[in-house]
Amino acid sequence: MCTSVIYTVGDAYFGRNLDLEVSFGQQVVIMPRDFALHFRKLPTIAHHYAITGMALVQDNYPLYFDGANEKGLGMAGLNFDGPAHYFPEQTDKQNVTPFEFVPYVLGQCATVAEAKKLLKNVSLININFSDKLALSPLHWLIADKSGASIVVESTTAGLNVYDNPVGVLTNNPEFPQQLQNLANYQSVSPANPENTLAVNLSLPVYSRGLGSHFLPGGMDSESRFVKVAFTKENAPVGKTEDENVINYFHILHSVEQQKGLDEVAPNTFEYTIYSDGMDLTTGTFYYTTYTNNQINAVKMPKDHLDQDQLMTFDLQDKPTINYQN
Ligand SMILES: C[C@H](CCC(=O)NCC(=O)O)[C@H]1CC[C@H]2[C@@H]3[C@H](O)C[C@@H]4C[C@H](O)CC[C@]4(C)[C@H]3CC[C@]12C
C-alpha cells in the first residue's frame, strides 16, 4: 500500500510513502529538459520540463514511481489493484502506457489545470514495459504548488479525473468511496470531546487526546486515508523550510508501515521502504528510508537542466545514529 499527500504551507510539499515487501532498486532521478522522451504510441518529446523523482532506470528509461517538475507539478502512482483497467489502443485518443504516464504529464504541464486539459484526450493502454516488468495496476495523485489536486483512475468506465479536496491518496477503494468514508470520522478532533452521549452523566476526560479516540490506526488503505487526512489537516504551519520539511515527514510517517505488521504472504511483510517529498517552489527533493530516518535532499540544479543525460543519486540507506558519548 502507499500514501501520497500535498501539504501546503506557503511552499507546498508533495510526495509519498512507498509501501511494499521488496525494493526495486529505485534511485532519485533527475530528468533534464533535453532527455528525449520516447513513447510507444506517440511521437518523441525532445524538450520538456525537467523532473526529479524516485524511479527505477531500465535501459536508460526512468520508470518514475513519483516525482515533480521544475514548475511545481507533482504526480505519484499508487497501487489500485482490482478497479484499475487499461485499454487497447484507440484511434481517437492519445494512447499512453501507464509506465509513460508520469513523464507524459510532468513533462508538459505546469499546473493541475493544464493537466486536466491534457487528460481530456488520454487513454491508458495495456502495454507493459517489458516481459519482466508487467503492467502495474495504479491510480495517481497529481498536485501543484497552489495546493490544487486531482486523482486519476482508469477503470472499465474510462479515465476518471476527480478533484481532490483533501489532497491525500492511498489505495482501494475508488476515490469517491474514500472521500465518502471520511464523513464517518467527522467528529474526530485534536480537542477533547464534549459529552453529547448522555449529557446528564459525568464522564471523566481520563486522558489527553480523547478527541482522536476513534481515529483508525490500521495498515489498510481506508484507515491510512482517514489518518493521514486528519494529521495533514491539523498539521502546524512552520516558519522555516526546516520546520515545514519536518512537519511534512511527520505527516507521512504517521501512516508509515512498520515491518512485521502487514503480512502479504506467509512471513512476508510490506513496509514503508521510503518516504519522499519535493518542495514544489524550490525544487528540492527530500527523502527518508526505512533504515535511515535522516532526511536527505537532492536539489534541482536549475542552471544545468538544458542537457540530455539522466542524473541519478543512490538512496542513502545506511542507518545514521549519532552516538553522543
Ligand atoms: C507497487 C507500487 C505501489 C505501492 C503499493 O501500493 N504497493 C503495495 C500493494 O500491493 O498494495 C508501484 C508504484 C509505482 C510502480 C512502478 C512504476 O509504475 C514504474 C514501473 C511501471 C512498470 O509497468 C512496472 C514496474 C514499475 C517499476 C512499477 C512497479 C510497481 C510500483 C513500484
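Colleague: Let's start with one side chain: what is the relative accessible area of Leu203?

Modeller: Leu203 comes out at 41%, so it is partly exposed. Before we go on, this is a predicted model: local features need pLDDT of at least 70 and side-chain atom pairs count only at pLDDT 80 or more, while totals for chains, interfaces and linings use all residues. Residues are numbered from 1 along each chain as its sequence is written, and side-chain values use heavy atoms, with hydrogens and water left out.

Colleague: Where is the place of Leu203?

Modeller: Helices (H or I, at least four residues) and strands (E, at least two) are DSSP runs numbered from the N terminus. Leu203 sits in the loop between helix H3 (175-182) and helix H4 (221-233).

Colleague: Which residues make the nonpolar surface patch?

Modeller: Patch members have over 30% relative accessible area and no salt bridge; like charges are joined within 9 Å, nonpolar side chains (Val, Leu, Ile, Met, Phe, Trp, Tyr) within 5 Å. A salt bridge is a side-chain nitrogen of Lys or Arg within 4 Å of a carboxyl oxygen of Asp or Glu. Here Leu197, Leu201 and Leu203 make a nonpolar patch of about 330 Å². Areas come from the Shrake-Rupley method with a 1.4 Å probe, and for residues only the protein chains shown count as cover.

Colleague: Zooming out, how many helices and strands are there in the protein?

Modeller: You'll find 5 helices and 18 strands. The radius of gyration is 20 Å, close to the 20 Å that the globule rule gives for 325 residues, so the protein is as compact as a globular protein of that length. That radius is taken over C-alpha atoms, and the rule is 2.2 Å times the number of residues to the power 0.38. Of the 325 residues, 50% count as buried.

Colleague: And helix H1, how many of its residues are buried?

Modeller: In H1 (residues 101-108), 7 of the 8 residues are buried, so this helix is largely enclosed by the rest of the structure. They are Phe101, Val102, Pro103, Tyr104, Val105, Leu106 and Gly107.

Colleague: What about backbone geometry?

Modeller: Most residues other than glycine have a negative phi, and most peptide bonds are trans. Here the bond from Asn172 to Pro173 is cis, with omega near -5 degrees. Pro173 lies in the loop between strand S12 (168-169) and H3.

Colleague: And what is the phi of Asp59?

Modeller: Near 50 degrees, a positive value in a residue other than glycine. Asp59 is in the loop between strand S4 (51-58) and strand S5 (61-69), and at 72% relative accessibility it counts as exposed. Asn60, in the loop between S4 and S5, also has a positive phi, near 60 degrees. Its relative accessible area is 46%, so Asn60 is partly exposed.

Technical notes:
Buried < 20%, exposed > 50% of the residue type's maximum accessible area, 1.4 Å probe, protein only.
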